[in-house]
Amino acid sequence: MACKNKENKNSSLSSMLRDESDSSEDDYRQKRNKNNQAVKRSRVKSKMRTQQTLQCVNQLKTENDMLEEKVKLLRTELGFLKELLMAQAGTSQIEFPKSVDLKTLLSDTTSDILDNDLTKPQSSS
């Protein structure tokens, strides 16, 4: 009878250990599932941020290309106007004030003029 009692204790002890291991395994599984879901959410957010950044970069590149074309057009227009003014000044009998140096005024400082125009805040008229 002592042997049977001992066997009962061992079997009840092993069943308790199995229950505890099942419980700890369930806890582990829950934690793993929760972590896996958090990782998925994090990856989705990261992918969204990357897509938004790429979209912004493409938009800025397009805007930059448009601005470069505008600068090119303005430089061409400025050159044309310089030539027109020089031609007009050469044929007209208008005298410029001595304080205005026409050569300096028409010198190739186009980049300085355009740089100043581009950095000035645009007034909304």
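Q: Which helix of the protein chain has the lowest mean pLDDT?
A: The model is predicted, and pLDDT gives the predictor's confidence in each residue on a scale from 0 to 100. Among the elements of the chain, helix α1 has the highest mean pLDDT, at 87. Where pLDDT is low, the predicted coordinates should not be read in detail. The lowest mean, 54, belongs to residues 110–119, that is, helix α3.

Q: What percentage of the residues score at least 70 in pLDDT?
A: Over the protein chain, pLDDT averages 78. The share of residues that score at least 70 is 58%.

Q: In what pattern do the elements follow one another along the sequence of the protein chain?
A: The protein chain has three helices and zero strands. Read along the sequence, the pattern is therefore written with helix symbols, a helix being a DSSP run of at least four residues. That pattern is α-α-α.

Q: What percentage of the 125 residues in the protein chain are buried?
A: A residue counts as buried when its relative accessible area is under 20%. The protein chain exposes about 11900 Å², and carbon and sulfur atoms supply 55% of that area. Of the 125 residues, the buried share is 5%.

Q: Is Asp26 exposed or partly exposed?
A: Asp26 lies in helix α1, which spans residues 2–91. On the surface, Asp26 gathers with Asp22, Glu25 and Asp27 in a patch of negative charge. Exposed requires over 50% relative accessible area. Because Asp26 has 47% relative accessibility, the residue counts as partly exposed.

Q: Is Lys34 exposed or buried?
A: Lys34 is located in helix α1. Together with Arg41, Lys45 and Arg49, Lys34 forms a surface patch of positive charge. The relative accessibility of Lys34 is 64%, so Lys34 counts as exposed.

Q: Which residues make a nonpolar surface patch of about 300 Å²?
A: One member, Leu84, is found in helix α1. Leu84 counts as partly exposed because its relative accessibility is 47%. The patch of about 300 Å² is made by Phe80, Leu81 and Leu84.

Methods: Residues are numbered from 1 along each chain as its sequence is written. This is a predicted model: local features need pLDDT of at least 70, side-chain atom pairs count only at pLDDT 80 or more; totals for chains, interfaces and linings use all residues. Side-chain values use heavy atoms; hydrogens and water are left out. Patches are made of residues with over 30% relative accessible area and no salt bridge: like charges are joined within 9 Å, nonpolar side chains (Val, Leu, Ile, Met, Phe, Trp, Tyr) within 5 Å. Accessible areas come from the Shrake-Rupley method with a 1.4 Å probe; for residues, only the protein chains shown count as cover. A salt bridge is a side-chain nitrogen of Lys or Arg within 4 Å of a carboxyl oxygen of Asp or Glu. Lys and Arg count as positive and Asp and Glu as negative; His and the chain ends are not counted. The place of a charge is taken as NZ of Lys, CZ of Arg, CG of Asp or CD of Glu. Helices (H or I, at least four residues) and strands (E, at least two) are DSSP runs, numbered from the N terminus. Buried means under 20% relative accessible area, exposed over 50%, partly exposed in between (1.4 Å probe, protein chains only).
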